[in-house]
Amino acid sequence: MDKEIFDLIALESKRQNEGIELIASENYASKEVREACGSILTNKYAEGYPNKRYYGGCVHVDTIESIAIARACELFGSKFANVQPHSGSQANAAAYRALMPEGGKVLSLVLNDGGHLTHGSPVSFSSHTYDFVFYPLKDGRLDYADIERIALEEKPNVILAGYSAYPYEIDFKAIRAICDKVGCKMMVDMAHIAGLIAGGVHPSPVGIADVVTSTTHKTLRGPRGGLILTDDEELIKKINSAIFPYYQGGPLEHIIAGKAICFKEDLDPSFKVYAQAIKDNTKACSDELASLGVKTSGTENHLFLVNVLDSFGINGLDAQKKLEEINITTNKNMIPNDTLKPNKTSGLRIGFAAITTRGCTIDDAKEIAHIIYDYLSDKASQEECLAKVTKLTSSWKVIEEI
Ligand SMILES: *Cc1c(COP(=O)(O)O)cnc(C)c1O
């Protein structure tokens with residue numbers, strides 16, 4: 001019936017298969033995950049939670065959601081989980097509501113320094129419902145002494161850690177110590193690094209933070225959605241009622257089935273190998289760029305930031321557009337102490353979670369550094385670079401077969 005839309009899906013498949021995807025928040029979900037998400041489970045209403053539903057006929061979705069919860073708890077070593085958030089933003093909304101009253105104060109990192117919209121941006125609900133104050137970065141890194149100083153001054157209800165564009169490891173124990181000193185709650189939004197945590201290549205906040213939120217579609221490699229974890233029985237009750245009925249209606253059981261499959265994939269020993277490979281590829285590309293004289297943040301996770309203004313004399317937006325001419329997808333990003341506005345920026349954010357899923361090797365990652373360098377410094381033509389990109393992507397897995 002709808003050729004228009006299916007033709008567009010085919011075009012998007014071509015774009016995904018032929019491009020080098022370096023957007024740090026993206027990944028390729030497996031065939032099984034995608035199959036569950038496109039399944040007849042989308043037909044089912046299941047307001048409520050397993051065995052406490054407002055509709056009949058929930059026998060099978062109850063089992064599916066219970067399995068998803070059990071696997072999430074096993075994967076992260078958590079006591080309780082809510083797998084219903086439609087997105088990471090919804091997960092954060094529910095976590096805030098569970099942790100403090102409206103108007104409560106949160107100490108977090110501002111969007112331009114690598115935080116998320118839901119971490120107190122004026123264009124997000126978060127800054128309207130809660131009072132956000134921010135800790136600065138020092139040379140692009142968290143400064144725990146500074147966070148403690150500000151926390152003692154501001155006396156927040158919650159200190160929030162976990163970011164969208166932070167290339168270094170986070171010391172969750174150091175933040176817990178500050179929370180204990182101040183007497184406030186600790187929340188971690190591990191949306192970006194959840195897969196590294198699940199794979200054992202980044203320290204885990206579970207068992208340290210009061211509440212941990214996540215997305216399931218970034219490094220975790222599942223369907224688009226959210227997740228909330230806690231060890232606290234009182235908090236999970238508040239989280240559950242904040243998700244349903246406060247913020248959401250019927251859960252997306254097809255997506256929850258996809259999350260269950262994703263958690264099973266992440267529990268497999270092969271996921272540890274994948275998580276380490278993401279880190280190795282990211283570091284190989286960043287180190288290679290640095291050896292070419294490019295200003296990069298360096299990396300301890302799945303992403304790094306490049307100062308394209310200082311390195312190539314162009315702003316982040318122009319660099320992003322230019323790389324798109326050779327089928328390399330990145331996003332402009334603010335860098336520490338950026339002199340340009342957020343709609344231009346001086347930086348690019350580059351991540352390796354997606355193409356590592358397709359089979360990108362360390363040598364490929366180094367070659368990508370050279371392609372980026374050659375094209376942004378006008379040392380190679382669009383044709384030459386496109387040929388190299390095509391050679392790489394055609395050596396990797398077809399995304400429909402992942
Ligand atoms: C991506 C992200 C989110 C939100 O995810 P959506 O599913 O897009 O709502 C929340 N927090 C952080 C730190 C993120 O990077």
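All 5 of the 5 residues of strand E11 (residues 303–307) are buried, so this strand is largely enclosed by the rest of the structure; here buried means under 20% relative accessible area, exposed means over 50%, and partly exposed lies in between, with a 1.4 Å probe and protein chains only. The model is a predicted one, in which local features need pLDDT of at least 70 and side-chain atom pairs count only at pLDDT 80 or more, while totals for chains, interfaces and linings use all residues. Residues are numbered from 1 along each chain as its sequence is written, and side-chain values use heavy atoms, with hydrogens and water left out. The labels for helices (H or I, at least four residues) and strands (E, at least two) stand for DSSP runs, numbered from the N terminus.

In a regular strand the side chains alternate between the two faces of the sheet. Both faces of E11 are covered, with Leu303, Leu305 and Asn307 buried on one side and Phe304 and Val306 buried on the other. Strand E11 is joined by 5 bridges to strand E14 (residues 347–351), and the two run antiparallel; strands are said to pair if DSSP finds at least two bridges between them. Within this pair, Leu305 stands opposite Arg349 in E14.

Another part of the model is an open sheet of 7 strands, which has the order E4-E10-E9-E8-E7-E5-E6 and mixed pairing. Strand E4 (80–82) and strand E6 (131–134) stand at its edges, each with a single partner strand, so one side of each is left without a neighbour in the sheet. Neighbouring strands of this sheet are turned by 20° against each other on average, direction ignored.

Which residues does Val106 touch, leaving aside its neighbours within four places in sequence? Val106 lies in strand E5 (residues 105–108) and, at 0% relative accessibility, counts as buried. Its contacts (heavy atoms within 4.5 Å) are with Met100, Tyr130, Asp131, Phe132, Val133, Pro156, Val158 and Leu160.

The next feature is a pair of helices. The axes of helix H6 (residues 144–154) and helix H7 (residues 172–182) come within 10 Å and cross at roughly 20°, where axes are lines fitted to C-alpha atoms, for helices over the stretch in contact, and angles run from 0 to 180 degrees between N-to-C directions. That makes H6 roughly parallel to H7, since angles under 35 degrees count as roughly parallel, over 145 as roughly antiparallel, 65 to 115 as roughly perpendicular and the rest as oblique. The contact is made by Tyr144, Ile147, Glu148, Ala151 and Leu152 of H6 together with Ala174, Ile175, Ile178, Lys181 and Val182 of H7.

Some features of the backbone also deserve a look. The peptide bond from Phe244 to Pro245 is cis, with omega near 10°, and Pro245 is found in helix H9 (residues 233–247). Asp139, in the loop between E6 and H6, has a positive phi of about 50° although it is not a glycine, and at 72% relative accessibility Asp139 counts as exposed. Asn337, in the loop between strand E13 (331–333) and E14, has a phi near 60°, a positive value in a residue other than glycine, and Asn337 counts as exposed at 73% relative accessibility.
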